[in-house]
Amino acid sequence: MAILEVNNIEKHFGATKVLEDISFSLAEGKALAIIGSSGSGKTTLLRCLNFLETPDQGTISVRGEVLFDAKVHTALNEEAIRQKRLHFGLVFQSFNLFPQYTALENVTLAVRLREKDKAQWPAIDKRGMELLDRMGLADRAGHYPHQLSGGQQQRVAIARALALSPDVLCFDEPTSALDPELTGEVLKVIRSLAQQNTTMIIVTHEMAFARDVADEVIFMDGGLIVEQGPAQEVIEHPKEERTKQFLSRYQEN
């Protein structure tokens with residue numbers, strides 16, 4: 001059963017069409033990797049799913065509930081948008097941690113803001129510590145972002161996204177801001193999440209990782225889905241000429 005249904009999404013910035021007729025579904029517990037050159041629309045798609053951008057056409061549904069329908073869309077207040085965003089967790093390229101808060105406080109802040117009953121805060125902190133422990137960061141809970149490496153900051157960001165128990169966890173180039181020696185530790189965490197059947201969308205430039213970890217791959221170019229299918233099949237035996245060109249150039253680099 002599909003947990004996420006995306007149908008005919010389009011997005012324009014002025015006269016530029018950034019997304020065109022984007023449609024796909026994602027089953028619960030599966031990982032979808034989105035690959036493509038810079039400017040192909042990958043990040044804009046994630047931003048539309050997370051209600052950071054508003055599509056001009058199409059629908060987005062989670063667990064059968066239509067969260068967005070361009071035909072009936074009206075301006076939403078911040079609380080309504082926040083409720084819709086709870087279905088998705090987004091891990092940004094550049095961590096986006098709050099520098100004035102510790103690792104644990106970064107993980108628990110949004111949950112505390114949602115839970116008005118302060119009697120629940122100890123349970124929230126316990127859950128936060130469990131998530132940091134899953135990330136291998138239990139001993140860094142009291143550290144501030146500037147005291148953490150880039151890989152550690154990104155793992156805190158992953159724990160923060162998981163804290164709200166989203167239906168779909170989204171990653172936007174999660175290793176692009178990391179030094180090469182730190183990339184492996186973040187990919188290891190994402191790999192473990194996939195093994196635990198976490199439903200994920202991963203925008204990535206790590207082709208071998210996408211092939212080995214994702215269940216499905218979408219290749220985007222010029223705002224369009226050019227090819228999609230099982231990860232190993234698309235990456236190792238692409239059918240479309242544009243996909244072949246992209247992957248061959250990537251392998252050369």
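Modeller: We may go from the overall fold to single residues.

Colleague: What should I know about the model and its numbering?

Modeller: This is a predicted model: local features need pLDDT of at least 70, side-chain atom pairs count only at pLDDT 80 or more, and totals for chains, interfaces and linings use all residues. Residues are numbered from 1 along each chain as its sequence is written, and side-chain values use heavy atoms, with hydrogens and water left out.

Colleague: How many helices and strands does the protein have?

Modeller: There are 9 helices and 10 strands. Helices (H or I, at least four residues) and strands (E, at least two) are DSSP runs, numbered from the N terminus.

Colleague: And why is the protein called as compact as a globular protein of that length?

Modeller: Its radius of gyration is 18 Å, close to the 18 Å that the globule rule gives for 253 residues, so the protein is as compact as a globular protein of that length. The radius is taken over C-alpha atoms, and the rule is 2.2 Å times the number of residues to the power 0.38. The C-alpha trace spans about 55 × 45 × 35 Å along the principal axes.

Colleague: What share of the residues is buried?

Modeller: Of the 253 residues, 47% count as buried. Buried means under 20% relative accessible area, exposed over 50%, and partly exposed in between (1.4 Å probe, protein chains only).

Colleague: What about contacts along the chain?

Modeller: Among contacts between residues at least 6 apart in sequence, 65% join residues at least 24 apart. Contact means heavy atoms within 4.5 Å.

Colleague: New topic: how many positive and negative side chains are there?

Modeller: The protein has 27 positive and 35 negative side chains, and the centres of the two sets lie 4 Å apart. Lys and Arg count as positive and Asp and Glu as negative, while His and the chain ends are not counted. The place of a charge is NZ of Lys, CZ of Arg, CG of Asp or CD of Glu.

Colleague: How many aromatic pairs does the structure hold?

Modeller: It holds 2 aromatic pairs. One of them joins Phe98 and Tyr101, edge-to-face, at 6.0 Å centre to centre with 80° between the planes. Rings of Phe, Tyr and Trp (its six-membered ring) pair if their centres lie within 6.5 Å; planes under 30 degrees apart count as stacked, over 60 as edge-to-face and the rest as tilted.

Colleague: Where does Thr102 lie?

Modeller: Thr102 lies in the loop between β6 (88-91) and α3 (103-114). Thr102 is buried, at 10% relative accessibility. Leaving aside neighbours within four places in sequence, Thr102 is in contact with Ala141, Gly142, His143 and Tyr144.

Colleague: Which loop holds Phe95?

Modeller: Phe95 is also in the loop between β6 and α3. Phe95 has a positive phi of about 70° although it is not a glycine, and it is buried at 11% relative accessibility.

Colleague: What is the phi of Phe51?

Modeller: Phe51 has a positive phi of about 60°, and it is not a glycine. Its place is in the loop between α1 (42-49) and β4 (57-62), and Phe51 is buried with a relative accessible area of 11%.

Colleague: Now to a helix: which residues does Gln154 touch?

Modeller: Gln154, in helix α5 (residues 150-163), touches Val91, Phe92, Gln93, Phe95, Pro174 and Val186, not counting residues up to four places away in sequence. Gln154 is buried, at 0% relative accessibility.

Colleague: Lastly, where is Val66 found?

Modeller: Val66 is found in strand β5 (residues 65-69). Val66 is partly exposed, with a relative accessible area of 48%. Not counting residues up to four places away in sequence, Val66 touches Ile60 and Ser61. Val66 and Val156 are 90 residues apart in sequence and 31 Å apart in space, C-alpha to C-alpha.
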